Amino acid sequence: MNEIVPPAAGRDGDRWLTPGVKGIGSASLLADVGHEMPTALLPSLLTSLGAPAAALGVIEGVSDALAGAARFGGGALADDPSRRRKVAVGGYTATAVLGAATAGATAVWQVGVLRAAAWTARGLRVPARNALLADLVPPAAYGRAYGFERMMDNLGAIFGPLLALGLAAWLGVDWAIGLSVVPGLLAAAAIVYAIHRTPRPTGRVKVPVRIRIRPVLRGHLGRLMAAVAAFEVGNVAATLLILRASDLLAMEHGARTATTIALGLYTAYNLAATLVSVPAGRLVDRLGRRGPVVVVAGGVACLALSYGLFVVDTTAVAFLAVPFLLGGIGIGAVETAEHSAVAVLAPEDMRGSAFGMLAAVQSFGNLAASALAGILWTAFSAAAAFAYLTAWMFVALAGLTVTSRGLGR
């Protein structure tokens, strides 16, 4: 078996912001900038190629599905401490190159193939990155380390679209997409920097690649995964929040102004998620073994309240700002604490598989949530869709309560 020699740390893991942690955080920021640029400009690219609106939905749906499957498979690869390093570097590099290559596409099918390949590479690297981060810090600092990584990732989600719009206005859509390779390759360099500061495995025996499902679904970790699955089935894409705000505001402000205001509210959502990530991580570490589950539950409660407020029909911008901010706080806390919980509860020899399972549940759960909410929205009303999502938040809270009590015993 390969074993990781833990890094030196001060009392209670106070030396958590090491060069390696900074490297992984920088990789997350740069990678998010790199892939948000082609994502923001993908509709414009497809329009220039004469593609119908349905093409965007098909390409994104297929890409997301492949990314979810790749995350699950990437978990098995990441169980080996030596292999996870190669998967992380390869995943970051391939995502950067394939995403930027869509700039040279001359047909819709080429865009689809490149996008799907880029998202598959992105999915493969996620469990490896999360497992690497657990190698860098002691358990007492998992919360802060994952909170820092989530904060940097959210910053990338803010800067990426803004940079894409600026470059597109200056150089055109094709050049803006092509230049996304720069932050993407810098992210690969940052992960290499982090790997060089990660404790090396002490053993030389290769861990066989195995898909582990039953071991991950046992005990406390299994109960956590069940609760997370309930949450993710109700964790809708933020685009539906933007659509809800736009529809409500259009009645008083007109479509164009409503869209502008809704995007401003979405920016506030991302800022809230960014700002809450590290404080949520600190709270995770202070609360001990049950900390990650307690913080996840707090984030889920914020999202339950957020979705509940979206049920209300209102044209008041101040009122709509509240569910957006609550949603940002909730998602920032949940994402940080979910990763911390898996790092704490998963045995070291299958930590990669556990992170792969978590990532797959997140991916397919989000897809199911958005699809079902969209169907309810179309068949009944937006209020019905958000009531449905709120109900799943309460199911998740019940599951998290059971998990927390089990950890207490």
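**Entry 1: charges over rings.** I began with Arg 125, whose charged end sits over the ring of Tyr 92, 4.2 Å from its centre. The term requires NZ of Lys or CZ of Arg within 6 Å of the ring centre and within 35 degrees of the ring normal. I found the charged end of Arg 122 over the ring of Trp 119, 4.8 Å from its centre.

**Entry 2: what I am working with.** This is a predicted model, where local features need pLDDT of at least 70, side-chain atom pairs count only at pLDDT 80 or more, and totals for chains, interfaces and linings use all residues. Residues are numbered from 1 along each chain as its sequence is written, and side-chain values use heavy atoms, with hydrogens and water left out.

**Entry 3: aromatic pairs.** How many aromatic pairs does a search of the whole structure find? I noted eight. Rings of Phe, Tyr and Trp (its six-membered ring) pair if their centres lie within 6.5 Å; planes under 30 degrees apart are stacked, over 60 edge-to-face, the rest tilted. Trp 16 and Phe 148 form an edge-to-face pair, 6.3 Å centre to centre with 70 degrees between the planes. Trp 16 lies in the segment before helix 1 (19-48) and Phe 148 in helix 5 (residues 142-171), so the pair ties together parts 132 residues apart in sequence. Helices here are DSSP runs (H or I, at least four residues), numbered from the N terminus.

**Entry 4: burial.** I looked up Trp 16, which is buried at 7% relative accessibility. Phe 148 is also buried, at 11%. Buried means under 20% relative accessible area (1.4 Å probe, protein chains only), exposed over 50%, and partly exposed in between.

**Entry 5: a cluster.** I recorded one aromatic cluster formed by Tyr 307, Phe 310, Phe 324, Trp 377 and Phe 386.

Key. Helices (H or I, at least four residues) and strands (E, at least two) are DSSP runs, numbered from the N terminus.
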